[in-house]
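Me: Please examine the following model with me, beginning with a pair of helices and then turning to a sheet.

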Amino acid sequence: MKPNEGKSTVSPKEKMADPDTGQFPIVGIGASAGGLEALEQFLGKVPPDSGMAYVVIQHLDPTQKGMLPELLQRISNLAVFQVEDRMAVKPNCVYVIPPNKSLSILKGVLYLFEPIETRGLRLPIDFFLRSLAEDQKELAIGVILSGMGADGSIGIRAIKEKNGIVMVQQPETARFDSMPRNAIDSVLADIVAPANELPEKLISILRHTPVVKLTLASESEIKDKSAFEKIILLLRTYTGNDFSLYKKNTMYRRIERRMGVHQIDKIASYVRFLQENKKEGEILFKELMIGVTNFFRDPLVWEKLKEEVIPDLLANRPGDTIFRAWAPGCSTGEEAYSLAIVFKEALEKTNSNGDFSLQIFATDLDNEAIESARKGLFPAKIAADVSPARLGRFFVATDDGYRVSTEIREMIVFAQHNIIMHPPFTKIDILSCRNLLIYMDTELQKKLLGLFYYCINPNGIMVLGSSETPGTQSALFKPVDTKLKIYKRSATIWAPELIDFPASFSRTEPGQMDNSIPPHVNANIQMFADQLLLQHFSPVGVLVNENGDIIYTSGRTGKYLEPAVGKANLNIFAMLLEGLRNEFPVAFRKTIKTKEPVVLHHIKVTANGHTQTVNVNIQWIDKPSPLNGMIMIVFTDVPENTAAHPLENKEKKTSSGITDSEFEKELQHVREEMQSALEEMQTSEEELKTTNEELQSTNEELQSTNEELTTSKEEMQSMNEELQTVNAELQSKIDDFSRVDNDMKNLLNSTDIATLFLDKELNIRRYTDQATKIFKLIKSDIGRPFTDQASDLIYPELAADALEVLRTLIFIQKQIPTKDGRWFAIRIMPYRTVDDRIDGLVITFINLSDLKQVEGKLREAERMNRLLLNQSTDVILYLSTDWEILEFNPEAEKFFDKKRNDVLNRNFIQLCIPKPGQKKAEKGLKKILNEALDKKIEIQVIAAGGDLHVAEWSVNVLRNNLEKPVGTILSLKQAQKMQRHE
């Protein structure tokens, strides 16, 4: 299927505005270095009737007047304004932030603020995009263009949380790609494209995505009602996660956003597209994982925890308590790290003598978010949410931003966990589940709150998001602070249905709802009439179970039932009056066996000396209802004139010759025998009941044992889950350490520098391969004192210098020879850990043997040159390019009558040439130097005794390896010394 199937022909302007509220999309554009070019490309492609407003936030010089509006007006068809305070936003206009201001929006009106952050730490793009997300919700659109740093990354996450649109310039097309790359890493962008293509793609998305908020009524307007369920099934197939109990509005908004990206109008078409593209299923899953979080979100909540809630927990526990916390839906870990920091601060503030600690289990469904949280590395932009004091105390600055300190990182265990499907963490003291329940429907919220109640210890704390409440489960939690959504587990007796937490959830069908409680009936005439009929005309009835235990009675039952003597017994067989005890049990058993009604006619019952004839109707209840499987017994009195038989006073003989009186006597005898058999049967029944009670008691004990074993099993499962989490994290650390170890080993060996790593006791911790050429080292020497090792170095003070560096923390560097003539530059430095602790020494040995050989040859050449200069009969001077005297031989000393040491590094022209000829001589020498040719030049100089000598000097230019002049040699032959100026 093609992505643009079912493309709409409706104009973008018609679909971008909400006809009921007059609202329209507002686009927040963030840019920095290189942003002007990107802004021109973007706004140059925006049509004049796009129906949207554009607010440009760029990093501007606070000391200069803003010229951006004029520059943008040249290339844009829209009206461009520089923002003024309380300026209302209108569609088809561009608004530019002025220099040295922070910009916010409320109810479509722009407000300017003086920035409170110091220059260099301001994040104006994040500041505005956050307020845009809160104010415009799904009508907010964030665009990140070229720039340096990470400003805007937090803002677009806030827009994404409110179901807005996020667009980012393709990093390869940006002059500076830092901001676009950080934005892409921060959130799943809807569109990533070159700046000049973003407007067209934005209009295309809005054309296929309704801006008006979707209501539940729109569900009935979807032609294919099963399409939504099919998408849920496909997501479960692709990711293994069930979204059937997520809020439908949230699901629809995310689905519609993806439909807009692919220009698909019908949800049925999107189902087919999803079937054909597994990658789309993964992207939709990422869209539903709304991982928007930051450090110390809602600061008042954390202040309350620090100042009151956590200190109260500490005050009510013994000193060696290990508190347990659970942060489900932790995303990239900011929430869990915030809790750990606040706990540390509260512990330090209370000055408690106890050895308290906190173990936090942070879980999330998104494995990529968990991997990011485990690293504990956050960009520099967190400075907007974390105070400088906390940054200095709990974070370590790195080139990539800030890393959580070791003491905080070790408090938290991160794990991928499905809160719906997987066993929960138990015995929790603090549960922080903020802004997770709002994405789930009421049924799932109720069950999860019941789960939280089960997990939390008595008087444990539960913290919810600003828009979340316990709802129908409020009886389970007492509010600590209703406004801040902090609750304490109450002592409410746990209802059995609340702990019946299934392994998975399915939505309850309407016909399966609990109807054990009758619906409320308004007081009216029908109700009073029904009550009158029940009181005066309805028969007496008793509701019993299969064992005859009475559950409910209606009417006056005293004429048919009476309490049995002895221990209270509400079983109908024990309460039957004389006359019912024979026939009733047989009829009752027949009803249970056949599930058919049985009626006993004209049964004579004697009560209080009065005999009454009754009919007994025994009815099995099999209709689907809470009474299913029970028996209803109805007693109906029979009037005397109906009960009397017309021939009862006339005796007749049967065909066998037995009179009625004899027949009655025989019948009475049979009845007595039956009574005797019935009594024996009742005795046996009592014995069986006793045995049954004993078996029930044993069964209850077994059930209790089974419950204990089940509880132990759950605890073991939970513990196993925790151990698996710890094991996975440890394995990840081992892999990281192994890679780092390999990298460091290869790095050290590639430098060809011998290196020794020592601990504080000067024991060998590690060494490079090159160190074995100086010390006689083998693998088993690790852990032994390095002073015990044989060495070729002539350096007896090595151990003393090492101890001195440990004491003063000041490095020592020396050049030391070996017994075989090699030389090494030895540098002893303190070993510093990541958290700036001294944990030993690092000693490096750089081989200087070749350098020493070169130095020796240079010294030998220098001596040879000096000998030649001293033996020469010519006057020889060595000058720098600035005419400073670098060498002066003995003949020159005689000629000029000056000592060598007095003239070195002095200017030859100023010292040896008379003033009138200095410029001419310097010009001639410069010409020879620039031409880099050896020539002769006539120069008048001041000789010994102040005489002026004019002579022809030979000039030889010295060159370096690049053939550039580095100096000159002036020489005067013996024969020319006698020439004088006349």
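Me: At what angle do helix H12 and helix H13 pack?
Reply: Helix H12 spans residues 299-315 and helix H13 spans residues 334-350; helices here are DSSP runs (H or I, at least four residues), numbered from the N terminus. This is a predicted model, in which local features need pLDDT of at least 70, side-chain atom pairs count only at pLDDT 80 or more, and totals for chains, interfaces and linings use all residues. Residues are numbered from 1 along each chain as its sequence is written, and side-chain values use heavy atoms, with hydrogens and water left out. The axes of H12 and H13 are 9 Å apart, and the angle is about 60°.

Me: How do the residues of the contact of H12 with H13 divide?
Reply: Contact means heavy atoms within 4.5 Å. H12 contributes residues including Trp-302 and Ile-310, and H13 residues including Leu-339 and Phe-343. The division is 10 nonpolar, 2 polar and 5 charged.

Me: Which strands stand at the edges of the open sheet of 3 strands?
Reply: The order is S13-S15-S14, with antiparallel pairing; strands are DSSP runs (E, at least two residues), and two pair if DSSP finds at least two bridges between them. Each edge strand has a single partner, so one side of each is left without a neighbour in the sheet. The edge strands are S13 (377-378) and S14 (395-398).

Me: Is Ala-397 buried or exposed?
Reply: Ala-397 lies in strand S14. Buried means under 20% relative accessible area, exposed over 50%, and partly exposed in between (1.4 Å probe, protein chains only). Because its relative accessible area is 60%, Ala-397 is exposed.

Notes. Axes are lines fitted to C-alpha atoms, for helices over the stretch in contact, and angles run from 0 to 180 degrees between N-to-C directions. Ala, Val, Leu, Ile, Met, Phe, Trp, Tyr, Cys and Pro count as nonpolar, Asp, Glu, Lys and Arg as charged, and the others, Gly among them, as polar.
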